[in-house]
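Hello,

Here is the model I promised to pass on to you.

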Amino acid sequence: MVGSHLSSFLCSRYIQESELAMAIADESATTVMMEGKRMAIILYWILGLGSLLAWNTIITIGDYYYKIFPNYHPSRALPLVYLAVAIGTLTVLTQNESRIDTRRRNIAGYCLYFMGSVLYIVLDLATFGRGGLGAYIALCAISAALGVAHALVLGGMVGDLYFMCPEFIQSYFAGFAASGALTTALRLITKAAFDKSYNGLRKGALLFLAISTSSQFLCILLYAYYLPKLPIVKSYRSKASLEGSKTVSSDLAAAGIHQVAGEVQCEDRLTIKDLLYQNIDYAIGLYLNTTLTLSIFPGFLYENTGSHHLHSWYALVLLASYNVWDLISRYIPLINCLRLESRKGLLVAILARLLFIPAFYFTAKYADKGWMIMLVCTLGLTNGYLTVCIMTAAPKGYKGPEQNALGNLLMWFINAGLCSGLVLGWLWIIGKGKF
């Protein structure tokens with residue numbers, strides 16, 4: 001009898017110790033998997049900054065381009081060329097996202113960003129900053145090339161991030177806003193440093209372009225050599241590969257993980273049409289959000305806010321106000337009680353932003369610069385907050401290949417909204433004799 005109790009006790013003790021050992025092993029494995037999370041958040045922030053640096057460069061040195069191309073509306077035309085090419089390229093890439101290697105796509109995009117930024121400097125040096133139609137056409141061609149880079153990087157990066165945790169997505173989109181804030185700050189510094197010197201506006205713009213180009217080169221190095229080796233990034237990509245994603249094979253190989261492509265077939269994955277049907281409210285919301293923002297920013301701020309004692313500084317102050325609050329707002333969803341998750345609530349909030357159109361019209365016509373700055377800050381605050389709320393909520397509940405497809409699809413709608421907003425922005429100048 002005693003022997004029987006002893007045997008039961010020992011058996012029970014053995015089971016408990018085995019379960020404890022397994023729990024410790026699981027905890028250890030989880031710790032290893034999560035290793036490098038903080039570093040990954042920082043790296044994705046930097047890569048997000050680099051992803052929109054070329055776009056913000058075009059916008060932020062608009063004061064210089066208005067000086068050498070006064071009759072060509074550079075703050076409206078150059079971004080429109082950039083985005084028109086980007087949306088066309090992104091359409092093709094989104095339709096074929098499952099067959100495109102993400103690593104090669106992103107590295108190609110960042111390299112094209114770098115070369116395009118170098119060409120901005122080369123063009124200005126070759127023409128001695130004199131402007132003219134030929135120089136403007138070349139400038140448009142460079143902007144078009146950067147549009148291709150934009151499509152390669154943004155769709156590829158967001159598709160890859162949709163395999164991962166919401167913190168990485170938020171950090172990447174915060175990097176977008178940081179790009180705008182940084183470029184505006186650098187432009188204010190370079191403008192102040194060279195404001196009273198001979199040809200100071202041009203010198204400041206060239207220094208600004210040189211700093212932006214260096215940042216693009218840093219992004220190439222970080223993405224190609226450092227990011228793939230972080231344990232948490234490897235873990236998320238390995239999981240996506242096991243779920244049937246073939247787009248991560250090169251990134252896994254760069255991290256020393258060799259998996260045979262096509263080992264897992266994801267025959268039941270949702271198609272692009274299925275994903276669009278299930279997320280149509282998110283897609284429409286992102287489209288309307290960015291359309292409204294780009295119909296005002298930056299063209300309206302440069303050309304429709306009147307004359308003030310700040311002169312050429314006024315537009316830069318408005319850009320800085322928008323970019324700083326856009327950046328701040330992208331961190332608000334990290335606070336759970338302040339994050340809007342209701343799909344209906346998000347759509348209602350986005351529709352309410354349409355009130356900005358009459359608000360900006362009457363503020364520019366009747367109010368002073370203080371009210372305009374406050375309105376611009378609110379525009380940036382709502383834009384960044386709603387974008388991050390939608391983009392972090394959308395990928396939940398999907399498999400790896402579907403998450404990649406959804407990331408590409410939603411970035412298409414964001415860019416379509418940007419392009420539509422720029423086109424609608426021209427309506428502000430119709431009838432003013434400036435078209």
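**What I found**

L418 sits in helix 19; helices here are DSSP runs of H or I with at least four residues, strands are runs of E with at least two, and both are numbered from the N terminus. Before I go on, a word on the source: this is a predicted model, in which local features need pLDDT of at least 70 and side-chain atom pairs count only at pLDDT 80 or more, while totals for chains, interfaces and linings use all residues. Residues are numbered from 1 along each chain as its sequence is written, and side-chain values use heavy atoms, with hydrogens and water left out.

Back to L418: at 13% relative accessibility, L418 counts as buried. Buried means under 20% relative accessible area, exposed means over 50%, and partly exposed is in between, with a 1.4 Å probe and protein chains only. Leaving aside neighbours within four places in sequence, L418 is in contact with L83, T290 and L294, where contact means heavy atoms within 4.5 Å. The C-alpha atoms of L418 and T293 are 7.9 Å apart, although 125 residues separate the two along the chain.

**Helix 13 against helix 19**

Helix 13 (residues 280-296) packs on helix 19 at an angle of about 30°, with the axes 7 Å apart. Axes are lines fitted to C-alpha atoms, for helices over the stretch in contact, and angles run from 0 to 180 degrees between N-to-C directions. The two helices, helix 13 and helix 19, are therefore roughly parallel to each other; the classes are under 35 degrees for roughly parallel, over 145 for roughly antiparallel, 65 to 115 for roughly perpendicular, and oblique for the rest. Their crossing, helix 13 with helix 19, is right-handed. A crossing is right-handed if the near helix is turned clockwise from the far one by less than a right angle, and left-handed if anticlockwise.

On the helix 13 side, the residues in this contact include Y282, A283, L286 and T290, and on the helix 19 side they include L410, F413, I414 and L418. By class, the contact of helix 13 with helix 19 has 12 nonpolar, 7 polar and no charged residues. Ala, Val, Leu, Ile, Met, Phe, Trp, Tyr, Cys and Pro count as nonpolar, Asp, Glu, Lys and Arg as charged, and the others, Gly among them, as polar.

L410 also lies in helix 19 (residues 400-425). L410 is buried, with a relative accessible area of 0%. Not counting residues up to four places away in sequence, L410 touches Y162, Y282, A283, L286, M391 and A394.

**The core**

Which residues touch the most other members of the largest nonpolar core? They are Y44, Y172, F173 and M391, out of 107 residues in that core. Helix 7 gives the most to this core, with 14 residues. A nonpolar core is a set of buried Ala, Val, Leu, Ile, Met, Phe, Trp, Tyr and Cys residues joined through side-chain atoms within 4.5 Å.

Setting aside neighbours within four places in sequence, M391 is in contact with V158, Y162, I169, F173, L286, L410, M411 and I414. F173 is found in helix 8 (residues 166-194) and is buried, with a relative accessible area of 1%. Among the residues that F173 touches are V158, R330, M391 and I414.

**Helix 2 against helix 7**

Helix 2 (residues 37-51) and helix 7 (residues 133-161) pack at an angle of about 155°, with their axes 10 Å apart. That makes helix 2 roughly antiparallel to helix 7. Helix 2 passes helix 7 in a left-handed crossing. Y44, L47 and S51 of helix 2 meet V153, L154, M157, D160 and L161 of helix 7. By class, this contact of helix 2 with helix 7 has 6 nonpolar, 1 polar and 1 charged residues.

**The chain overall**

The secondary structure of the protein chain comes to 19 helices and 0 strands. Of its 435 residues, 52% count as buried. In helix 3 (residues 53-60), 8 of 8 residues are buried.

Best wishes
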